[in-house]
Amino acid sequence: MTESLLQNETKIHSPPFSEALAKRLLSTYGSPLYVYQAEILSQTLEHITRSIDYPHVQFHFASVTNGNIALLQLIQQAGWGLHANTPGDVFLGLKAGFTSDRIVYTGSNLNRADIQQLIEWKIHRFNFDSLSQLQDFCEYSGSQPRSIRAEIGLRLNSPELTGDSRIGVRPAEFEKANEIAQQQGLRITGLHFYRGTGTNATSAFTQAIDRLIAIAQLLPDWKTLDFGGGFGYPYRGGAVFDWREFGAAITERLSALSSPIELVIEPGRSAIAGCGVLLAKVVSVKWLGYRQIVGVDTTVSNLSVPAVHGGYRAIATWETDDVSRHETDICGNTTYSRDYLGRNCWLPKLKIGDAIAILDSGAYGYAMSSHFLHRPRPAEVLIDAKGDRLIRQREDYSILLNGQIF
Ligand SMILES: Cc1ncc(COP(=O)(O)O)c(C=O)c1O
């Protein structure tokens, strides 16, 4: 059993807004419902932005975590660029108003059609995962009538810094990479580092800086350091990644270099997790001995993280007459054996019709939802200074027929 299945959640979490608002949203838009608060998003973006004083820094939101256009628009309006992992991320980013020069692409295993599409979209900064991907990109760009002036970087694979990862290029391959690029008149100007998602220890990033700079200096044309995402988020009140400490450390080290290096930061979960909750309603309560088994009208297909990674989010309820707390499992509305939204939560006695809030669901929430188990996806709502509004419609069963030929 993984650690997260044994979380023993004795901490009591508070919902982000009143019960009256939760009930109104659920009755207006239906249940289950993703709800995002624009103010929390903008405060988080501002906090991250202000934490890094380095003058040549750019922030790019990693939209793998959340591709809702209304949210992407808020991020774009806050002055951030976009970080794309797939052509689909770029497609959504362009629709949201990010210009192609504000999009950084770091992907893996692109086929020719992907490369062609990204070039057509005029993405100007790519970080490549392997020499063969670099070669394919260079060959394709070399075969084009007009030369392609993309900035090229390499995603680093270095067991000491990136752990045991399939992704990236080893420093010993840099020389060969340079040769490949030069054959097409291109230069490798960037080093991309991704520490691994959800790393809460600030030191895991600060301690990597000097070594990364040394590795980057193996690239004769180095001018950009992309420090990736992976910055942790304090789910269930866990360790907090210290943006200010990280900002001070990276600023000090880069400022000491003889020529200015551009810094790219591409936060995903750390930027957006906290502004979203998934609201659901209790539809069944039973007791297995001392354990409360609560059935809700959502499922791990609406919020896949617990089933895929085993990382439960905190679950909050509103005041009830019951001041005691009981070990509670929150179960989804299917018989799938992993359909738990939370286990060993510490909650009051609940009853049918009560609302629950699955907190910090803004990242890898809707974006990882699927039609596995054939439940249509929830709606999404944004609360901003003007009130609340639907930003994605609830699906109905017709979605399950999409593309089927019969
Ligand atoms: C290259 C890259 N950057 C950024 C991210 C976002 O990561 P996180 O949400 O952990 O910040 C990812 C996630 O897969 C990624 O692959």
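In which loop does Leu 373 lie? Leu 373 sits between strand S15 (355–358) and strand S16 (379–384). Strands are DSSP runs of E with at least two residues, helices are DSSP runs of H or I with at least four residues, and both are numbered from the N terminus. This is a predicted model, in which local features need pLDDT of at least 70, side-chain atom pairs count only at pLDDT 80 or more, and totals for chains, interfaces and linings use all residues. Residues are numbered from 1 along each chain as its sequence is written.

Stay with Leu 373 for its backbone. Its phi is near 80 degrees, a positive value in a residue other than glycine. Most residues other than glycine have a negative phi, and most peptide bonds are trans. Leu 373 has 15 other C-beta atoms within 10 Å, so it is partly exposed. The classes rest on C-beta atoms placed from the backbone: a residue is buried if 20 or more others lie within 10 Å of its own, exposed if 12 or fewer, and partly exposed in between.

Asn 109 also has a positive phi, about 55 degrees, and is not a glycine. Asn 109 is in the loop between strand S4 (103–106) and helix H5 (112–120). It counts as exposed because it has 10 C-beta neighbours inside 10 Å. Another backbone feature is the cis peptide bond between Ser 31 and Pro 32, with omega about 0 degrees. Pro 32 belongs to the loop between helix H1 (19–29) and strand S1 (33–37).

Now take the overall layout. The domain assignment gives the protein chain domain 1 (3–36 + 273–401) and domain 2 (99–267). Such bounds come from an automatic or database domain assignment. The C-alpha centres of the two domains lie 36 Å apart. Eight residues of domain 1 are in contact with four residues of domain 2. Contact here means that the C-beta atoms of two residues, placed from the backbone, lie within 7 Å.

The largest nonpolar core has 102 residues. Leu 191, Leu 279, Ile 315, Ile 330 and Ile 358 have the most contacts inside it. Helix H11 (residues 243–255) gives the most to this core, with five residues. Domain 1 and domain 2 both give residues to the core, so it lies between them. A nonpolar core is a set of buried Ala, Val, Leu, Ile, Met, Phe, Trp, Tyr and Cys residues joined through C-beta atoms within 7 Å. What does Ile 315 contact, leaving aside neighbours within four places in sequence? Its partners are His 13, Ile 330, Leu 341, Gly 342, Cys 345, Leu 347, Ile 356, Ile 358 and Leu 359.

Helix pairs come next. Their axes are lines fitted to C-alpha atoms, for helices over the stretch in contact, and angles run from 0 to 180 degrees between N-to-C directions. The axes of H2 (residues 38–51) and H3 (residues 69–77) come within 10 Å and cross at roughly 40 degrees. That makes H2 oblique to H3. Angles under 35 degrees count as roughly parallel, over 145 as roughly antiparallel, 65 to 115 as roughly perpendicular and the rest as oblique. H2 passes H3 in a right-handed crossing. A crossing is right-handed if the near helix is turned clockwise from the far one by less than a right angle, and left-handed if anticlockwise. Ala 38, Leu 41, Ser 42 and Leu 45 of H2 meet Leu 71, Leu 74 and Ile 75 of H3.

H5 and helix H6 (residues 131–142) pack at about 60 degrees, with axes 10 Å apart. H5 and H6 are therefore oblique to each other. H5 passes H6 in a right-handed crossing. Arg 112, Ile 115, Gln 116 and Ile 119 of H5 make the contact with Asp 136, Phe 137, Tyr 140 and Ser 141 of H6.

Helix H10 (residues 209–216) crosses H11 at roughly 35 degrees, and their axes come within 10 Å. This crossing is right-handed. Ile 209, Asp 210 and Ile 213 of H10 face Ala 249, Ile 250 and Arg 253 of H11 in the contact.

Finish with Pro 16, in the segment before H1. Pro 16 counts as partly exposed, with 19 C-beta neighbours inside 10 Å. Leaving aside neighbours within four places in sequence, Pro 16 contacts Gln 37, Val 277 and Ala 357.
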